[in-house]
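I opened this notebook to record what I looked up in one structure. The entries are grouped by the place I examined.

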Amino acid sequence: MSKYHIEIPSHFSELFGRLENSLNGQSDKPYHRLRKKGSELLMKQGFPSTRNEDYKYTALNRVFNEKYEIPESGKISAQGKTAIESIKKITQGESSLCFVNGIYQAEFSSLNLEGVQLIQLSQLEENSSKLRDVLEKIDETISHTDNPFIRLNTSLCRDPLLLFVERGVKIDTPIQLIHYYETENSSLIASPQLIIMAEESSEISLLETHLSSSSRNNTCKVFSNVFQRMLVGKNARIKHHKIQELNKEDFLIHNLIASQEKDSHFYAITADLGSRITRNNLEVHLKDSNTWTEMFGLFASNGQQHIDNQTFLDHAKPHCESREWYKGVLGGRSRGVFNGKVLVRQDAQKTNAFQQNNTLLISDNARMDSKPQLEIYADDVKCSHGATIGYMDSEVMFYLKSRGLDEQQAGELIKIAFLAEVFESVENESIRNLIAEKVIVKLRTIYES
Amino acid sequence: MLKIKDLRVSVEDTEILKGVNLEIKPGEVHAIMGPNGSGKSTLGFVLAGKDDYEVTSGSIEYMGQDLLELDPDERAREGIFLGFQYPVEIPGVSNSNFLKMIINSIRKARGQEELDALQMLKLLKEKIAALSMDVSMLKRSLNDGFSGGEKKRNEILQMAVLEPKLAVLDETDSGLDIDALKVVSDGVNSMRSSDRGFLVITHYQRLLNYIVPDYVHVLIDGKIVKSGDKSLALELEERGYDWIKPEGSTVPA
Ligand SMILES: Nc1ncnc2c1ncn2[C@@H]1O[C@H](COP(=O)(O)OP(=O)(O)OP(=O)(O)O)[C@@H](O)[C@H]1O
Ligand SMILES: [Mg+2]
């Protein structure tokens with residue numbers, strides 16, 4: 001174990017065995033080999049310490065110290081049902097996949113789209129080529145990743161899923177991924193895993209929401225450790241929208257790796273409003289030329305919240321374009337971290353990469369650590385990056401007040417205006433409005449102290 | 001409606017206004033002229049309540065109350081409007097949303113019903129047409145990338161919708177082309193009424209041909225050193241400021 005890691009605490013290492021025992025019958029299925037491998041690799045690797053450059057500003061002790069239960073499947077409260085139903089309404093509930101504590105709930109889900117299939121890996125024939133493909137991808141990822149949370153997720157994932165979009169199928173209405181968390185008397189670790197294969201010239205849009213129930217013993221915490229792998233095929237498009245509104249004691253580590261084939265488009269936006277600690281690990285690998293990648297982020301925090309966005313974009317091929325913009329408003333004693341790496345390899349001529357991070361601090365006690373990094377090995381490229389961290393402009397404030405807006409109205413307008421460029425990147429109007437609405441509500445709670 | 005008495009104002013320990021006295025009655029138009037840096041904008045900002053400016057002595061009474069007690073937004077709701085010499089650009093705030101917001105918030109403050117979307121649109125269209133502005137200006141971000149003249153027209157548009165009791169217009173004429181000067185002046189003139197006062201800050205007598213003032217004051221080095229009627233502006237245009245010796249100045253004439 002390197003000096004950049006700490007040993008996996010025993011209350012974590014025990015979890016795999018506990019899951020294994022509860023799997024009855026599932027443990028001789030092919031996927032279980034990956035759980036085992038994930039667990040073994042994790043034990044060897046350990047968890048990251050703050051000596052690790054990528055975790056310098058994000059201490060996860062709070063996450064590691066908590067003792068979690070592995071959620072059981074099939075239980076959901078009446079309150080949970082109501083919450084899920086109301087989230088479904090956002091898209092008329094036509095296509096929605098529901099997860100309670102990270103476990104897929106078939107009976108609350110529906111997906112009736114021609115050419116789109118949701119497959120539980122456990123349901124696939126053991127010698128089917130689809131299963132082989134998927135297992136190979138996951139195996140490859142957990143073997144080569146330096147991200148221990150992907151290994152943790154794989155070792156604890158009860159019901160891995162595949163969303164398969166057939167060649168040429170274009171779906172405009174967003175497919176909802178509804179994550180709901182509830183617990184009464186113990187802390188929980190959720191480990192949802194989803195592989196998305198968008199075949200050649202297909203298009204889908206996803207709306208992922210994370211929400212936790214507030215009625216619980218208030219010492220209990222939810223730790224959701226998500227892993228998603230998205231394969232964007234030739235000339236295909238995936239648009240991924242995420243809104244996170246967990247309880248203020250909960251943790252989210254969201255791991256997403258996307259890879260893009262020739263002429264493909266990947267768009268991702270994350271709006272992080274809730275949780276005690278959020279860490280988004282977003283990686284995009286460009287496998288071929290002429291791709292278009294967009295990564296957007298909004299964060300709005302107060303109190304003791306900590307929101308960390310880590311992105312890695314690997315420009316490995318020529319004629320690819322990327323645009324990355326993260327913006328946040330921090331109040332109270334909250335902290336934000338942005339660590340965005342863009343690697344432009346020697347082969348990636350004619351790359352056009354833009355990266356920007358801007359933060360508005362509302363309070364003197366809030367803090368932002370921003371590290372945009374551009375590593376360029378090609379000579380014929382157009383790349384720019386930058387970061388700003390600032391306070392509210394008193395000239396702007398005075399101008400607005402001189403028109404009769406009070407402190408609160410003016411402040412709200414400034415904060416929303418600050419985030420506007422990121423909102424406006426959302427093409428789908430109802431999603432854009434939804435994100436704006438949620439962000440505005442959150443902004444109203446962000447003050448100086 | 002406005003009584004300024006022996007007003008002294010400092011910015012970062014430098015005294016800028018050094019005893020200003022001025023009274024404006026309802027229906028009057030006062031013009032203030034004076035060299036660069038003499039404190040004209042400072043006076044405007046102090047009336048609007050900008051907090052970088054420290055009032056060290058003197059008083060400002062507005063409609064029978066102590067103006068200095070009020071916050072900038074309260075002053076605006078009480079009917080004070082400042083047209084900025086340099087309007088602030090605010091990217092991300094749409095001009096139309098901003099106008100709607102300020103209209104309804106001022107109406108609310110006055111106990112009037114808020115306007116619905118349709119009434120709002122009608123009002124904005126009407127005011128915009130009166131100022132020969134293009135409706136496309138509404139869609140843009142507030143003052144963001146506006147030309148100098150567009151910003152000034154936008155200030156007047158805001159004044160028109162807010163219907164203030166006392167409007168302070170700080171160099172609203174600079175940056176305007178000849179046609180725009182006429183349009184903006186017409187806009188101001190159409191708002192002249194027996195219960196509304198204006199304080200017009202300008203460098204150019206030309207504006208005062210359009211907006212004819214009742215009084216003209218000369219502000220030099222933080223003091224009003226001369227007051228007169230509109231003919232004073234003509235005299236200033238001809239002779240400059242040199243002939244007026246600031247009161248208490250030690251420089252020989
Ligand atoms: N915030 C400030 N900090 C420091 N000095 C200031 C500030 N505001 C104004 N001043 C100074 O006060 C003096 C008066 O400025 P003011 O803007 O009121 O002049 P003005 O008469 O409006 O000039 P102009 O005709 O050029 O617009 C100037 O010397 C200016 O530099
Ligand atoms: Mg000035």
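This is a predicted model: local features need pLDDT of at least 70, side-chain atom pairs count only at pLDDT 80 or more; totals for chains, interfaces and linings use all residues.

The entries below follow the order in which I looked things up.

**Entry 1**

**Entry 2. The interface between the chains**

I began with the contact between chain B and chain A. I found that 29 residues from chain B and 16 residues from chain A take part in the contact. The size of an interface is often given as the accessible area lost when the parts come together. I recorded a buried area of about 1,900 Å² between chain B and chain A, with 70% of it from carbon and sulfur atoms.

I then looked up the polar side of this contact. Two salt bridges are counted between chain B and chain A. I noted one that joins the side chains of A:E395 and B:K50, at 2.9 Å from N to O. Eight residue pairs are in polar contact between chain B and chain A, with both residues at pLDDT 80 or more. On the side of chain B that touches chain A, at least two residues each come from α1 (40-48), α2 (72-77), β6 (80-83), β7 (90-94), α3 (95-109) and α6 (148-162) of chain B. I sorted the residues of that side of chain B into 18 nonpolar, six polar and five charged.

**Entry 3. Strand β3 of chain B**

How many of the five residues of strand β3 (residues 29-33) of chain B are buried? I found five of the five buried, so strand β3 of chain B is largely enclosed by the rest of the structure. In a regular strand the side chains alternate between the two faces of the sheet. I therefore checked each face of β3(B) against the cut-off for buried, which is under 20% relative accessible area. B:V29, B:A31 and B:M33 are buried on one side, and B:H30 and B:I32 are buried on the other, which leaves both faces covered.

I next looked up the partners of β3(B). Strand β10 (residues 197-201) of chain B runs parallel to β3(B) and is joined to it by four bridges. In β10(B), B:L199 stands opposite B:H30. Strand β11 (residues 215-220) of chain B also pairs with β3(B) in the parallel sense, over four bridges. There I noted B:V218 of β11(B) as the bridge partner of B:M33.

**Entry 4. The loop between β10 and β11 of chain A**

I placed A:S202 in the loop between β10 (193-198) and β11 (203-212) of chain A. A:S202 is buried, at a relative accessible area of 0%. A polar atom of its side chain lies 2.7 Å from the backbone oxygen of A:E199. Leaving aside residues up to four places away in sequence, I listed the residues that A:S202 touches, among them A:V165, A:E166, A:N235 and A:R237.

A:S201 lies in the loop between β10 and β11 of chain A. A:S201 counts as buried, at 18% relative accessibility.

**Entry 5. Positive phi values**

Most residues other than glycine have a negative phi, and most peptide bonds are trans. I recorded a positive phi, near 55°, for A:S201. I recorded a positive phi, near 50°, for B:E171. B:E171 lies in the loop between β9 (166-170) and α7 (178-191) of chain B. B:E171 counts as buried, at 8% relative accessibility.

**Entry 6. A:L374**

Is A:L374 buried or partly exposed? I found A:L374 partly exposed, with a relative accessible area of 24%. A:L374 sits in strand β22 (residues 367-376) of chain A. Not counting residues up to four places away in sequence, A:L374 touches A:V342, A:C383, A:S384 and A:H385.

Note on methods. Residues are numbered from 1 along each chain as its sequence is written. Chains are lettered from A and ligands numbered from 1 in the order in which they are written. Side-chain values use heavy atoms; hydrogens and water are left out. Buried means under 20% relative accessible area, exposed over 50%, partly exposed in between (1.4 Å probe, protein chains only). A polar contact is a pair of N or O atoms within 3.5 Å; within protein, one must be able to donate a hydrogen and the other to accept it, and residues adjacent in sequence count only if both atoms are side-chain atoms. Contact means heavy atoms within 4.5 Å. Two strands pair if DSSP finds at least two bridges between them. Buried area is the accessible area (1.4 Å probe) that two parts lose on being put together, summed over both. A salt bridge is a side-chain nitrogen of Lys or Arg within 4 Å of a carboxyl oxygen of Asp or Glu. Ala, Val, Leu, Ile, Met, Phe, Trp, Tyr, Cys and Pro count as nonpolar, Asp, Glu, Lys and Arg as charged, and the others, Gly among them, as polar.
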